[in-house]
Amino acid sequence: MKHTITLIPGDGIGPEVASTVVRIIEAVGVDVGWETHYAGAQALEKFGTTLPPELLESIKRNKVALKGPVTTPIGKGFTSVNVGLRKALDLYANLRPIRALPNVPCRYPELNLVIVRENTESLYAGLEHVVVPGVVESLKIITEKASTRIARYAFEYSRREGRKRITCGHKANIMKLSDGLFLDCFRKVATEYPEIEADDKIIDNACMQLVMRPEQFDVMLLENLYGDIVSDLCAGLIGGLGLVPGANIGELGAVFEAVHGSAPDIAGQGIANPTALLQSGILMLRYLGEREAADKTESAMLKVFEEGKVLTRDIGGTARTVEFADAIIQKMKA
Ligand code: NAI
């Protein structure tokens, strides 16, 4: 079956890692037509908007997109393209599987957990205004609807993937109303899934536990801001941002992306690690029902890691992006 996928190469190392992943997906034999669209600074320059309507239409039509990192100016300039995309397409569930890879120096080589992050609300919605000069108000919105929807997603995901326990991270001891509501919704939904253990931890304690004994976690359910921070913490536990995949999923479609940024310090040098976007591409293939191709790609990638001879510099190797891709494609053919 032919798939049409929206491709957003992104900024910095985005085009390098995106073209690498496209090459690997084509090599595994999946029939894909790519619709390439620009977002962020490039789109602003060309079309006068960071999120052109054609891009959103393309994702709505195709229901699936693969996205490289997009540069976001800090403290000024346009708002985050990532946040904009999630809002425009109501991509309410953010999924970040955290799994250590062979031969990657890291603190927890056996770690395998999944973060499910609510993607539309909380402080991360960026609802801020100046009350009077020198005083800024930032609004944290938590609704029963969105909290129930993400809790149900986490339980359905866990049931489908054979995960055994979900831990809800919160600060309901202090933010009794907002985080309290998030936790209540989680507990209510949990009663519908008796086979999955449901517990909760105050988020600061959860962070300490993650650093000391992360193996106690299976799936973590977090509101938006905690999810953003904790998922980077977890990436650090298994060797860094160049490795971890991400998916933003909603009813209208899904956007698969790397969680790292556009890495301007190494852009254009051909040394970026494409593993994060490749792993996102593997999640995407599964989402599209291409399980066999996904398994084949994953197993080839894991073999390259197991051999440990062709790895990129960020994880202690010397290989260039293209050499790493060649090695994976060779393993797929073997
Ligand atoms: P970054 O993730 O781009 O870079 C942090 C460090 O990790 C750098 O030293 C970089 O070289 C390295 N790194 C990241 N990805 C790598 C890869 N695939 N291979 C090898 N090394 C890699 O984070 P930073 O510098 O904070 O952000 C740069 C820009 O990216 C900012 O404009 C930020 O807003 C944007 N950004 C975009 C994201 C997205 O589109 N999903 C996510 C995070 C940041």
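## A tour from the ligand to a helix pair

Select the ligand and its shell, taken as residues with a heavy atom within 4 Å, and you will find 10 nonpolar, seven polar and four charged residues (Ala, Val, Leu, Ile, Met, Phe, Trp, Tyr, Cys and Pro count as nonpolar, Asp, Glu, Lys and Arg as charged, and the others, Gly among them, as polar). This is a predicted model, in which local features need pLDDT of at least 70 and side-chain atom pairs pLDDT 80 or more, whereas totals for chains, interfaces and linings use all residues. Residues are numbered from 1 along each chain as its sequence is written, and side-chain values use heavy atoms, without hydrogens and water.

Next, pick out Val70, Gly261, Ala263, Asp265 and Asn273, which come nearest among the 21 residues around the ligand. For polar contacts (pairs of N or O atoms within 3.5 Å), show the ligand oxygen lying 2.9 Å from a side-chain N or O atom of Asp265, and then the ligand nitrogen 2.8 Å from a polar backbone atom of Asn273.

Now move to helices α7 (residues 203-212) and α8 (residues 224-237), DSSP runs of H or I with at least four residues, whose axes, fitted to C-alpha atoms over the stretch in contact, are 10 Å apart at an angle of about 10 degrees. Because angles under 35 degrees count as roughly parallel, α7 is roughly parallel to α8.

How values were computed
A polar contact is a pair of N or O atoms within 3.5 Å; within protein, one must be able to donate a hydrogen and the other to accept it, and residues adjacent in sequence count only if both atoms are side-chain atoms. Axes are lines fitted to C-alpha atoms, for helices over the stretch in contact, and angles run from 0 to 180 degrees between N-to-C directions. Helices (H or I, at least four residues) and strands (E, at least two) are DSSP runs, numbered from the N terminus. Angles under 35 degrees count as roughly parallel, over 145 as roughly antiparallel, 65 to 115 as roughly perpendicular and the rest as oblique.
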